[in-house]
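Student: I have a model open and would like to understand how its inside is put together. Can we go through it step by step?

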Amino acid sequence: MSSTTSVENPKVSSLFQPLQVGAVKLRNRLVMAPLTRGRAGKERIPNQLMQEYYTQRASAGLIISEATQISEQAAGWSETPGIHNQEQVEGWQKITEAVHQQGGLIYLQLWHTGRASHPYFQPNGQLPVSASAIKAEGNAYTAEGKKPYVTPRALETDEIPSVVQDYVNATKRAQAAGFDGVEIHAANGYLIDQFIRDCSNHRTDAYGGSIENRLRFLLDITEAVVNQWSSDRVGVRLSPTNFFNDMRDSDPVATFTRASEALNQFNLAYLHILEALPGHMLAAAEEPRVGLHMRKAFNGVFMVNGGYDAVTGTAAIDNNEADLISYGVPFIANPDLPKRYRQDASLNEADPSTFYTHEAKGYIDYPKLAA
């Protein structure tokens, strides 16, 4: 960490313009991206450690919580938090109150891992569920270490309404916990994404085949969540070319442009896409850039994520490629990231070895700038 100057950096002024996003007004355009961390303990109840972590980062224009499982079936990662029982609601309530006391705003990200789970996590050791019985390459993170993914069980058509209801119930609990809104996690190879992309969806019912059918699960969930709360309290996250969890689509431009158009009917608070910049570890080098197509197709607030810094984030706003920029790793290591960008100060370096551990080190001990 280097010395700082009190002079604001005019080159990034666009990042610090307020913006109305659905029902809330953001004081800046820097959003804390949803980040899986694994500090909720074996009972998956949000705790004091998590409260400190989120409160430290309340200067973000908006915090999007780490991915939070909507049901026991949805779990697929060790010691990540849930939103499917009262104890979890009460744990989250302390966090939202603390963030609000600092003038911050916080959305809850609703998560079902689908095939990116393991019988280790499932009630009675059952198979995880997915759009189709297609195994993903990769591993689940369990308390016993990494375990290879298994071939999931395809959800039956008549089971889908109950999963949609799990999203509704989680949204009710998010409201009770004091969140400012919810983000539907439809990205990164988790359950909704498994329905959207054709590598993992080989269904022959109304939820498979055509793009319209593969989007049906996403749209069913979005409609139900919006009806439970309000369109101006709901965002959606998509990842058109992210290969994480062994994902791909034969025509991501067509699939995700249509998804963006279809989501317009809900008048959402925002659409959030992960499409990493060239050179980033999540960049899909062989895939077309889809984000600009999605930007043109979507009528509302548009958020981008994936390797942005202060300069590239500002450029994306100034070039009308996005309205908001979400930052992941920079917020892990820099709880006061907006202040650092505003003052053109140097950044703390993140320690990836502590991203998914379970203690305070690498979580709440990154220093803020000296006063």
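**Cores and a helix pair**

Tutor: Of the 85 residues in the largest nonpolar core, Leu 15, Tyr 54, Phe 217, Leu 218, Leu 238 and Leu 263 touch the most other members. A nonpolar core is a set of buried Ala, Val, Leu, Ile, Met, Phe, Trp, Tyr and Cys residues joined through side-chain atoms within 4.5 Å. The model is predicted: local features need pLDDT of at least 70, side-chain atom pairs count only at pLDDT 80 or more, and totals for chains, interfaces and linings use all residues. Residues are numbered from 1 along each chain as its sequence is written, and side-chain values use heavy atoms, leaving out hydrogens and water.

Student: Which helix gives the most to this core?

Tutor: Helices are DSSP runs (H or I, at least four residues), numbered from the N terminus. Eight residues of the core come from the top contributor, helix H5 (residues 211-228).

Student: Is Asn 242 buried or exposed?

Tutor: Buried means under 20% relative accessible area, exposed over 50%, partly exposed in between (1.4 Å probe, protein chains only). Asn 242 has 4% relative accessibility, so Asn 242 counts as buried.

Student: With which side chain does the side chain of Asn 242 make a polar contact?

Tutor: A polar contact is a pair of N or O atoms within 3.5 Å; within protein, one must be able to donate a hydrogen and the other to accept it, and residues adjacent in sequence count only if both atoms are side-chain atoms. At 3.0 Å, the partner is Asn 188.

Technical notes: Helix = DSSP H or I, 4+ residues; strand = E, 2+ residues; numbered from the N terminus.
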